[in-house]
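Let's take a walk through a protein model together, one piece at a time.

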Amino acid sequence: MKTETIHEITPKIQDSSFFTEVRKIAERTNFMDCMQCGVCSGSCPARFAMDFSPMQIIKMIQLGLKNIVLSSSTIWICAQCQTCLTRCPREVNIPLLMSSLKNIAIRENIPCKIELKPKFHKTFSEIIKKYGRMHEPELKIKLIKKTSPQDVFHNATLALRLLRKGKIKLLPPKTDQIPDILVLFETASKEEQK
Amino acid sequence: MSKEVRIGVYICHCGGNISDTVDIAKVKEAVKNFKAVKIAETYEYMCSNPGQQMIEDDITKHKLNRVVVASCSPRMHLDTFRRVLRRADLNPYFLEMTNIREQCSWVHDSKEKATEKAISLIRGAVERAYYLEPLIPSTMPVKKDVLVIGGGIAGINASIELADKGYKVYLVERSPSIGGHMAQLSKTFPTFDCSACILTPKMVYTSQHPNIKIIDMAEPIAVKGSPGNYKVSIKVRPRFVDKGKCISCGVCADKCPVKKPSKYEEGLKEEKAIYLPFQQAIPNAYVIDKEHCLYFTKGVCKICQRFCKGNAINFDQKEEIIELHVGAIIACTGYDQIDPSPFGQYSFALHPDIITNLQFERLMLQGLHRPSNGKPPQKVAFILCVGSRCSENSTKGVEYCCKIGCMNAIKHSLLLQKAFPEAEPWIFYTDIRAHGKGYEEFYAKARDHNVRFIRGRAAEVVPNGDGLLVKAEDTLLGMQIEEPFDLVVLSPAIIPSAGTQELAQMLGVDLGHDAFFLERHHKLRPVDSKREGIYLTGCALGPKDVRETTSESMACASKVATFVGQGEISVSPEIAYVNIDKCNKCGNCIKACPVSAIESIPQGVEINSISCVGCGVCVPSCPEKAIDLRHCNDAQLTAQIHGICEDSGTSPRIIAFLENKAAYGSMDLAGQSRLSYPDNIRIIGVPSTGRVSSRHLLHAFASGADGIIFIEGDDSAFKDNQLREHVIQLKKELGAYGIESLRLVSTTTTLPQCDKVIDLFTTFNERISKIGRLLEEKRAKIRKALEND
């Protein structure tokens with residue numbers, strides 16, 4: 001929270017579109033009920049990799065700190081394991097909140113501190129749209145192309161080992177129900193726009 | 001009516017508050033022609049001395065026998081003008097007030113419309129005044145004895161206070177000994193007073209007091225009667241030991257072959273099937289646990305009887321029912337803790353070293369040790385708010401704060417350090433709440449003594465080899481921590497003790513949203529229940545600490561002493577009465593009464609004049625019209641409705657029935673705040689909206705109304721769900737005459753929520769304008785039906 005002061009925050013609370021947008025989400029996530037007890041953050045198995053704890057993200061949304069929230073790594077690191085939701089005494093739906101924030105970040109083109117993360121999500125869904133299932137080698141290759149080629153060697157040896165154990169396959173899986181899956185994607189994006 | 005009705009109408013200018021918006025002269029002219037009006041006067045300030053004198057003189061001069069005052073809200077000056085009537089030797093209930101300030105001049109801008117509305121309101125009042133009856137408040141003697149339910153610190157204190165004042169007290173306790181939860185505590189915060197040292201002398205004093213009779217192992221099973229005269233049946237379970245003969249030598253327990261976990265020791269120790277609850281128990285006598293005793297389970301043994309020197313054991317003791325006749329009842333049934341097991345992350349009951357704070361109290365007194373291996377604990381985690389401060393919809397936890405967890409954990413930390421100076425207490429807290437006298441200092445002392453405070457609700461407790469691992473986020477550092485501990489102490493949420501709901505039903509009092517007893521008023525009547533003569537105190541009202549419980553129980557004793565000490569109570573005459581000849585004994589009214597004031601008698605039903613709160617909900621429930629409500633009887637209410645609807649003209653007319661306290665008060669507030677609402681809405685104050693029957697609505701529709709609004713106060717005896725049912729029933733009945741159900745709305749309000757009511761007024765007015773006025777043929781049909789009725 002290096003740049004924004006409370007004077008910058010206040011007008012944003014009043015009229016920021018971000019705040020009203022998140023408010024809409026709030027109806028489903030109860031995030032205004034958060035009392036900052038920290039159970040979510042203490043329970044989070046991915047907390048070590050996050051720059052802000054889930055609890056801090058909620059506090060920042062309450063204050064309308066849009067840029068910090070949307071550019072944080074937390075929203076991308078969240079693994080949707082639901083432990084926080086299970087333990088939250090106020091039943092704040094943090095996993096849903098995190099995925100909603102991810103969507104806003106993509107829509108608004110806000111760069112993430114961990115460059116790979118948004119790319120990963122995008123590529124992941126592209127592959128699903130293509131084959132109807134995950135094809136790990138392609139995912140990895142695409143991500144390597146898009147980031148640094150430095151770890152190509154490391155990945156290649158790992159891929160060989162996985163291949164030998166039959167954990168991954170060279171050819172993509174086949175499904176004849178791709179149209180159905182595309183309908184799923186379409187419905188989900190419509191839901192999101194609501 | 002043998003005597004001619006002579007009505008005087010007095011219209012107040014209120015120094016311009018009314019006269020600036022209402023054309024008083026025009027109103028006076030119009031009012032003069034109303035039925036039975038002999039004189040109409042106006043004055044600058046009716047409530048001033050000259051104004052009052054004018055009414056007083058006129059009553060004698062013009063032989064008036066009814067007075068209508070059109071001025072401010074009756075909530076303001078009803079008593080003032082009733083005193084005027086009393087001074088003029090006229091029954092004060094011959095006064096009718098109508099509110100042309102808060103409900104007219106302050107909320108409407110158009111002078112023409114406001115004047116029109118003032119005239120119509122006064123017409124309603126005059127019509128009603130015509131049917132007023134003289135009423136005299138009655139009195140009832142009050143029984144002086146008091147029943148106290150629950151023998152914890154609250155019950156003990158209240159009993160002693162009352163007994164010392166000279167009242168006879170019956171102290172009923174469910175368990176074999178009085179003392180309650182406080183008897184289980186080691187020390188008390190923040191002074192470290194030994195709990196037993198301050199409690200047991202009081203227990204002994206209670207048992208020896210000539211005015212107190214302790215009835216142990218007993219609970220009430222039925223409550224009948226009325227305030228000042230309650231008849232309570234108490235069920236006493238057998239102890240199987242004669243209290244008079246038992247000398248607590250303990251030989252019986254030595255010989256008894258059956259062991260069971262001790263309730264007093266919170267399951268951390270075992271005791272025999274014949275046991276003394278604890279060393280200082282009052283009454284100090286052994287008791288046989290029927291569930292475990294071999295004689296009762298298998299029909300053998302009786303070894304205790306053989307060894308008892310005093311011949312105190314009696315297996316033939318039977319359950320008894322005692323009848324008590326008391327004037328007042330105090331319910332102080334205390335609290336329980338929730339079971340932490342559903343919160344899986346804390347692994348409670350999966351490891352012996354994860355305990356509750358009440359178990360920790362017992363461990364302190366047993367000599368502090370780890371239940372798993374008996375060794376002294378070195379590192380102890382205190383986890384606060386287990387199940388407290390959850391969301392409203394939580395199925396596992398409760399919404400409120402347990403209020404004692406923080407201070408209790410600090411006390412335990414300091415006691416732990418006293419026992420083992422090397423020990424490391426850690427407190428995982430959400431917020432430290434140190435609200436009481438000396439509490440903040442206590443917190444500071446703990447910080448000074450190196451108690452580690454982690455601001456963060458513990459995430460999970462994992463059994464890890466010999467020890468336990470606690471994971472949490474230190475929210476102040478923004479870091480996750482994971483620490484090994486020897487002992488984990490949970491602070492479970494506090495809930496009302498088992499059976500509170502049944503007791504509330506028996507006593508006819510309410511429970512709040514949190515399932516604790518509900519006080520009459522949060523601020524001003526904190527120990528009164530909604531029912532006269534029944535008082536509440538201690539943790540049965542909500543979580544609190546010993547000091548607060550003590551002061552509350554003393555306050556309660558004082559209120560009870562005032563109540564039973566007055567010897568007799570004056571009863572408002574504005575209550576329901578039965579015409580016994582018409583009663584067909586259907587019992588509908590008994591079911592309808594929200595305060596259990598109606599009882600069935602051989603001839604029919606009887607309304608208890610003390611219990612009756614005058615809400616009138618029973619009146620519409622009677623199919624034979626055998627019940628009516630004094631001061632708001634059918635004739636009076638119908639006349640007022642006619643008076644107000646008569647001049648409806650061309651615009652749709654809406655009648656709003658407002659419950660007389662909170663709902664009416666909220667519209668007074670709207671007036672004081674100079675808010676505004678459509679002027680075609682006319683308000684009639686009623687004791688409760690449940691008093692208004694379909695007949696009244698038909699009368700209203702027949703004489704010009706187009707829409708009806710019901711607004712009930714939130715603290716009224718007539719509850720939300722009853723209102724909903726009532727309205728559904730009314731809509732059904734109105735439907736038979738072709739009246740659309742959209743023409744009737746209802747809501748509940750608190751006094752400050754006048755915005756909500758005004759919103760409803762405005763939207764409902766728009767709705768009625770859209771639907772249009774009720775067709776004249778429908779009105780004619782209703783009129784015909786009413787005539788034939």
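Start with a pair of helices in chain B: the crossing of α6(B) and α7(B) is left-handed, a label used when the near helix is turned anticlockwise from the far one by less than a right angle, while clockwise would be right-handed. Before we go on, this is a predicted model, where local features need pLDDT of at least 70, side-chain atom pairs count only at pLDDT 80 or more, and totals for chains, interfaces and linings use all residues. As for names, residues are numbered from 1 along each chain as its sequence is written, and chains are lettered from A and ligands numbered from 1 in the order in which they are written. Helices (H or I, at least four residues) and strands (E, at least two) are DSSP runs, numbered from the N terminus.

Back to our pair. Helix α6 covers residues 153–164 of chain B and helix α7 covers residues 195–208 of chain B; they pack at an angle of about 50°, with axes 10 Å apart. Axes here are lines fitted to C-alpha atoms, for helices over the stretch in contact, and angles run from 0 to 180 degrees between N-to-C directions. That angle makes α6(B) oblique to α7(B): under 35 degrees counts as roughly parallel, over 145 as roughly antiparallel, 65 to 115 as roughly perpendicular, and the rest as oblique. On the α6(B) side, the contact is made by B:I153, B:I156, B:S159 and B:I160, and α7(B) brings B:L199, B:K202, B:M203, B:Y205 and B:T206. (Two residues are in contact if their C-beta atoms, placed from the backbone, lie within 7 Å.) Sorted by class, that contact has six nonpolar, two polar and one charged residues. Ala, Val, Leu, Ile, Met, Phe, Trp, Tyr, Cys and Pro count as nonpolar, Asp, Glu, Lys and Arg as charged, and the others, Gly among them, as polar.

Now try another pair. Helix α19 (residues 662–672) and helix α22 (residues 754–771) of chain B pack at about 90°, with their axes 9 Å apart. α19(B) and α22(B) are therefore roughly perpendicular to each other. Here B:S666, B:M667, B:L669 and B:A670 of α19(B) meet B:C754, B:V757 and B:I758 of α22(B), and this contact has six nonpolar, one polar and no charged residues.

On to the sheets. Strands of a sheet pair through backbone hydrogen bonds, either parallel or antiparallel. In chain B, four strands form an open sheet in the order β2-β1-β3-β4, with parallel pairing; two strands pair if DSSP finds at least two bridges between them. At the edges sit β2 (37–43) and β4 (95–99) of chain B, each pairing on one side only. Six bridges join β1 (residues 7–12) of chain B to β2(B), and B:I7 stands opposite B:V37 in β2(B). Helix α1 (residues 24–32) of chain B lies across β1 and β2 of chain B, running at about 170° to β2(B).

For an antiparallel example, look at the open sheet β24-β25-β26 of chain B, which has three strands. Its twist averages 25° from one strand to the next.

Finally, where do the chains meet? 18 residues of chain A are in contact with 19 residues of chain B. The largest share of chain A's side, four residues, comes from α3(A).
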